[in-house]
Amino acid sequence: DDQDEVNQNYLADEEEEAEEEAQAVSEYLWDPEKRMSLARTGQSWSLILVLYFFFYASLAAVITLCMYTLFLTISPYLPTFTERVKPPGVMIRPFAHSLNFNFNVSEPDTWQHYVISLNGFLQGYNDSLQEEMNVDCPPGQYFIQDGDEDEDKKACQFKRSFLKNCSGLEDPTFGYSTGQPCILLKMNRIVGFRPELGDPVTVSCKVQRGDENNIRSIKYYPESASFDLRYYPYYGKLTHVNYTSPLVAMHFTDVVKNQAVPVQCQLKGKGIINDVINDRFVGRVIFTLNIET
Amino acid sequence: MDGTSLRHRPGATASPCVRKPILANSALLLLFQKTLEIYSVEVNGNKAMENVDKGGGKEKYRGLKNNCPERGKNHPKEELNTELDLDDHKLSSKELEKKYSTNIVTGLSSTQAAERLAKDGPNILTPPKKTSEVIKFLKQMMGGFSILLWIGAILCWIAFGIQYSKDPSTSFDNLYLGAVLVLVVILTGIFAYYQEAKSTNIMASFSKMIPQQALVIRDSEKKTIPAEQLVVGDIVEIKGGDRIPADIRLLSAQGCKVDNSSLTGESEPQSRCCEFTHDSPLETKNIGFYSTTCLEGTATGMVINTGDRTIIGQIASLASGVGNEKTPIAIEIEHFVHIVAGVAVTIGVIFFIIAVSMKYRVLDSIIFLVGIIVANVPEGLLATVTVTLSLTAKRMAKKNCLVKNLEAVETLGSTSIICSDKTGTLTQNRMTVAHLWFDNQIFTADTSEDHSNQVFDQSSGTWASLSKIITLCNRAEFKPGQESVPIMKKVVVGDASETALLKFSEVILGDVMEIRKRNRKVAEIPFNSTNKFQLSIHETEDPNDQRFLLVMKGAPERILEKCSTIMINGQEQPLDRNTTEAFHTAYMELGGLGERVLGFCHRYLPADEFPETYSFDVENMNFPTSNLCFVGLMSMIDPPRSTVPDAVTKCRSAGIKVIMVTGDHPITAKAIAKSVGIISANSETVEDIAKRLHIAVEQVNKRDAKAAVVTGMELKDMSPEQLDDLLTNYSEIVFARTSPQQKLIIVEGCQRQDAVVAVTGDGVNDSPALKKADIGIAMGIAGSDAAKNAADMVLLDDNFASIVTGVEEGRLIFDNLKKTIAYTLTKNTAELCPFLIYIMAGLPLPIGTITTLFIDLGTDIIPSIALAYEKAESDIMNRKPRHKKKDRLVNQQLVTYSYLHIGLMQALGGFVVYFTVYAQEGFRPTTLLNLRVKWEDDTMNDLEDSYGQEWTRYQRRYLEWTGYTAFFVAIMVQQIADLIIRKTRRNSVLQQGLFRVCTGSHVPLSCSRPQYWFVAVPHAILIWVYDEMRKLLIRRYPGTWWDKNMYS
């Protein structure tokens, strides 16, 4: 019985405590006696708000000043450093967030989106547009344009017709309808990048894994399978407005059908790195072709 | 406790009477009646005595019971309410023999004994239930902080589970983070466990390993057996110096005296005989208790209780019934965890809602939520706090405070009341000559620890005689083989007063043993309580002097009765009214100081009556013991340790109330309290005021008195409200004549005032109070194992002054922990903001989980531990102890200042560096906005930057890491500023000295251009300047709104 009484006392105490706590909380939120909310009077609240207002205002001023100084020290035309983006990466078109080219020749639905993608991509390379906007500069040498960095630079023409059979001009399906797909290879733009020693960077593709004879022939357009020197150097988006990235089209004219063929296309040339283990897109690109008939 | 007798102290005489038949007292009372009104406390003593006489002497017993029914559920002493069903003291020997089926002459037979041993178990106190090592270890990993980390780890793994189920190629950061969190908890747990185990080991080495022996009669033979094999019914013999091996009923005794201090706190020896003198088993003289000591004489007794069934065993088992209070720092850390958890969950939920309304997928939002919560967990703090506490514990151990429980390190710092024992803690625990009276003058002797500086006049002829008496009339001797030991440290065989006299004379006169040899002793009557004097007769060292010298010492009034002359300046003069008066005045004065006074007299026996061959017969006293020549008085006291007054002053200026709790007589207690400053020189008790104003005690306005001396008897009659009243209204309190059980009441009373109470104790019976106290301090030298077990801290040198050092360290660590936490919390904002911005503005992630972890557990650990070494900001011992409920370790000011001021500045600094890095590499801030999805798209390998350059995914990732590093460097650089500003809380850093801490605190990292190191430097300087301004305003305008809101 004593124990019971003790327990009851204890429970009663707990209830009391809970009540007291509720009371304390409500008083903390608003204490009518001292006219305080959250343990602060109106004056204290206004002071604290003023303090934070000025403090944050000055912080905002400080960061504005910092960012302003930052922009002062950074040229809008040329990046300060380019090592992180070198050596150049490689990307292919058509690009549909996947590097598996899986289509059935006899079912246009399976390859139609490649064609649309390529057509869209090549709009900027239309001969008429290139001739209108860009200059025809001499091949085989760098197209160096001296002058201030804020001067507008001219860009060399890269016409769609350079891509011959892969231009989509003669074969609007880029070979997909015949099981001879065209894939365009693009080297990432880097401001100031120049292939070393005047040797243009070339492209070569082969079967990455498996029987080399799975790909019996590839045609490259331009035939040199290279990026001509005249497209370098790149002067940056702001001044080199119409710069057109050079392309190399790979025309897989004879590939084993009904079988996934992993293909690796590499850049070759002085100063080109194509075997970085962590980065599978520096100097090379790997994709699979699975053409069904 | 004291272990010495108070036989001859006039002031104290009233009280030992408590335990004596009234008749024996009245003679003494009459003798001192005329002086009673002068000594108000003494009046009290008499009152107390009357009470006791009326109440049938049950007082002590009630004191032990302590039952206050109105105090209900919290009362830990319920068990004591059960009456001790002990009535063996009332039985005759025959009845006892029958009851315990034993034989007083032949004892038990071995077989009987073996049977009983098997039935009742060995005669030892069951050691307090040891927590299993595994549980101790697990407890270390389940504390407030660890829980936070465990939850963090589990959340991480949940987040990883979600990510992994969505995309098996996801990054393993969350998995690792969870693992690291768990690792941190486990490692810290191991470390803390190891630290505590180490101090437990030091403790273990203290416990006395020598098993106690007992002389027992079994099979009609006397045998020495280990005390733990004693069983009920055994007949044991004890003699002076033995510890009583069990509760025994005495069957016969010769001059037996026991020291019951370990049981009752009473330090006066009590005589023991075989008669039943009192109903209460605790009062009756025919029972000896386990663990008390027999001081002198011999006795035979029958064992009536063994082991846990003994009285002391029952008290000891109480300790386990008293709950352990949570340490203040544990409460603080819990509070801190609540705050951090609150902040984390609030921010997490807010951004969860924002993320959902920004059309993030719910699963992603959940991962963000988890990420935010985990980012708020200060991973390094657990380790830092543990290391910091153990470093301080180590430092304290060097200063003789051994900390058993790491958290107790800080508790000492928040202590607001210290309840201290007197004997041994405040005093040196040895009787020492304090005053001498001869030639009508009181001289003061040096009572410091080494006695080196005795300045009183030693040229008088009276001193020559007095010194001869104290040398010769003394049975105490140094134990042999201590030639190289300093005199004060030598071990002496003999009682406390004789020891004091021996050491005193050895210091002043040189080789006492040699003097005694030259003055051969021919006869001697040792001290006994009927005579109240001690006498010896010696040949003189002068070969031409054929007389014998009779020397005598004893209770001053008894000695004076036997004298007809008095020696003044070496000349004998008749003892007239004036000199008697002078004697009484001196005697009362010394008695009033709480000192034990002895009188000394001598007489040269005429050579014609007592020739060289005279045979002295001490039985028939065939020599004169009257008409002696009174030489002088000497008074002794257990003097305060010389370091104590200083320490008490320090406590006082530190706002700590020191309460003395002692079993000693109020007069002694008050005298010591005054001499160490517990009662300050100018404060008065109610009794003092009454005396000064010549009015009755009842008429005094109680508010006028600052000090109070309260006896156990008075305390027993107080209601809790009255005790509360006493504790709040008097700043200087001495509790005298208290039983150790009353200590518990006092502690509880203090705790009701919201005080953090430190309690010192040494006896088994102190253990409940030690456990109940916020910090129990056991004595390393004098303390019993039970006390050490119950305590949180052990004073290795039993010295009160060490407590004060501990307080200082404790306060320092509290301050420094605040600094450490402020330092650690600050960067939380800087680590969290990037994540928030990442969610809100779609920037590439500015700083990654692993990098954050590297800051928290890598670069920031050493500086935050270094803050623990920060020296005090000068005022540490001059301020009040922190209020348990108001001065929190982590308060709103600290959190807001860390998170919203410095933290935010750091975050901004970090972002400036981040934007600089990205802008220089090609991504200007405008491009970065909402780039997140494309940036993180693995198939996107030609993402265009602000200059038209195209980036592969890996190149972007590498840039992201560069960003992490830069942000990391920015935080680090600014954390240096943070470290500098956190060195002080009020003073300017320039006042404190700048370069003590920062060395070796940060390591550089590759993967970052060196110039990024400098981008954050202006921000670091900005932080410093801002904080210096804040502190300047705090110092300039103390108490203002700014001070209240910005002092963290």
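C137(A) counts as buried, at 4% relative accessibility. Buried means under 20% relative accessible area, exposed means over 50%, and partly exposed lies in between (1.4 Å probe, protein chains only). This is a predicted model, where local features need pLDDT of at least 70, side-chain atom pairs count only at pLDDT 80 or more, and totals for chains, interfaces and linings use all residues. Residues are numbered from 1 along each chain as its sequence is written, chains are lettered from A and ligands numbered from 1 in the order in which they are written, and side-chain values use heavy atoms, leaving out hydrogens and water.

Start with the disulfides. The whole structure holds 3 of them over all chains. A disulfide here is a pair of cysteine sulfur atoms within 2.5 Å. C137(A) pairs with C156(A), their sulfur atoms 1.7 Å apart. Both cysteines lie in the loop between α4 (127-133) and β5 (182-187) of chain A, so the bond ties together parts 19 residues apart in sequence. Helices (H or I, at least four residues) and strands (E, at least two) are DSSP runs, numbered from the N terminus. C156(A) is buried, with a relative accessible area of 4%.

Next comes C166(A), joined to C182(A) with an S to S distance of 1.8 Å. The link is left-handed, with -80° about the S-S bond. C166(A) sits in the loop between α4 and β5, C182(A) in strand β5, and the two are 16 residues apart. C166(A) is buried at 0% relative accessible area. C182(A) is buried at 0% relative accessibility.

C205(A) and C265(A) are also joined, S to S 1.9 Å. Their S-S torsion is about 110°, so this disulfide is right-handed. C205(A) lies in strand β6 (residues 201-207) and C265(A) in strand β10 (residues 260-268), so the pair ties together parts 60 residues apart in sequence. Both cysteines are buried. Counting bonded cysteines along chain A, the pattern is 1-2, 3-4, 5-6.

Now take two cysteines of chain B. The closest cysteine sulfur to that of C601(B) is in C563(B), 4.0 Å away, too far for a bond. C601(B) is buried at 0% relative accessibility. For C833(B), the closest cysteine sulfur is in C66(A), 16 Å away and too far for a bond. C833(B) is buried, with a relative accessible area of 16%.

Finally, turn to E15(A). This residue is exposed, with a relative accessible area of 56%. E15(A) belongs to helix α1 (residues 2-29) of chain A.
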